[in-house]
Amino acid sequence: MDRTEGFGVYIDRTLKKVQSTFLQAFLDNDIDLTIEQWVILQRVHLEGKNASQADIAKSNFRNRATTSRVISGLCKKGLLKKQRFRDDQKRYKLVMTDDGQKLMERVLPIIKDLRKVSTINITEKEFDIFYQVLDQLYDNFDHYEGYKMSSS
């Protein structure tokens, strides 16, 4: 077996394990969030008063329609609200509600614990290399132009 055979299976397996562990931790702590909702809520929290729907979509690596759907769900739950920026009426500003902030305060310790667990027995150098490899894989596929069969 060559070194690239099946690495996608390992990436997928690990991603599924991470997601299921996060979801189980949310369930165990009575937190009604999906992974995608958490990611967007966290981005709004980190970006603060300047959180725009367009910027969240870009930083989330999801298309605008998917991001909009998730944001709508967070608004229906009363965790976010959409407003217009004063200086740009075309863009939506995302504001965390009091309930969203309270939920964030409940979730952050759980997330910190999960992140701590994720690096057990992994050195900082190994984790840096891991990120470098993931970035390189991403760049390699980003520049892939497709296999072209020869017409001989």
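Close-up 1. Q37 sits in helix 2, which spans residues 35-47 (helices, H or I of at least four residues, are DSSP runs numbered from the N terminus). The model shown is predicted, with local features requiring pLDDT of at least 70 and side-chain atom pairs counted only at pLDDT 80 or more, while totals for chains, interfaces and linings use all residues. Residues are numbered from 1 along each chain as its sequence is written, and side-chain values use heavy atoms, with hydrogens and water left out. Q37 has a relative accessible area of 9% and is therefore buried (buried means under 20% relative accessible area, exposed over 50% and partly exposed in between, with a 1.4 Å probe and protein chains only). Its side chain is joined to that of K77 by a polar contact of 3.0 Å (a pair of N or O atoms within 3.5 Å, of which, within protein, one must be able to donate a hydrogen and the other to accept it; residues adjacent in sequence count only if both atoms are side-chain atoms). Leaving aside neighbours within four places in sequence, Q37 is in contact with D32, V70, G73, L74 and K77 (contact means heavy atoms within 4.5 Å).

Close-up 2. Helix 4 comprises the 13 residues 64-76 and reaches 18 Å from its first C-alpha to its last, close to the 18 Å expected at 1.5 Å a residue (the expected span is 1.5 Å times one less than the number of residues). T66, T67, V70, I71 and L74 are the buried residues of helix 4. Seen down the axis of helix 4, these buried residues fall within an arc of 130°, so they line one face of the helix (the arc is that of the directions from the helix axis to the C-beta atoms). The face turned away from the buried side of helix 4 carries the exposed residues R64, A65, R69 and K76. G78, whose phi is positive, near 80°, follows helix 4.

**Close-up 3. Two loop residues with positive phi.** In the loop between helix 1 and helix 2 lies D30, which has a positive phi of about 60° although it is not a glycine. D30 is exposed, with a relative accessible area of 67%. N121, placed in the loop between helix 5 and helix 6, is likewise not a glycine, yet has a positive phi of about 65°. The relative accessible area of N121 is 76%, so this residue is exposed.
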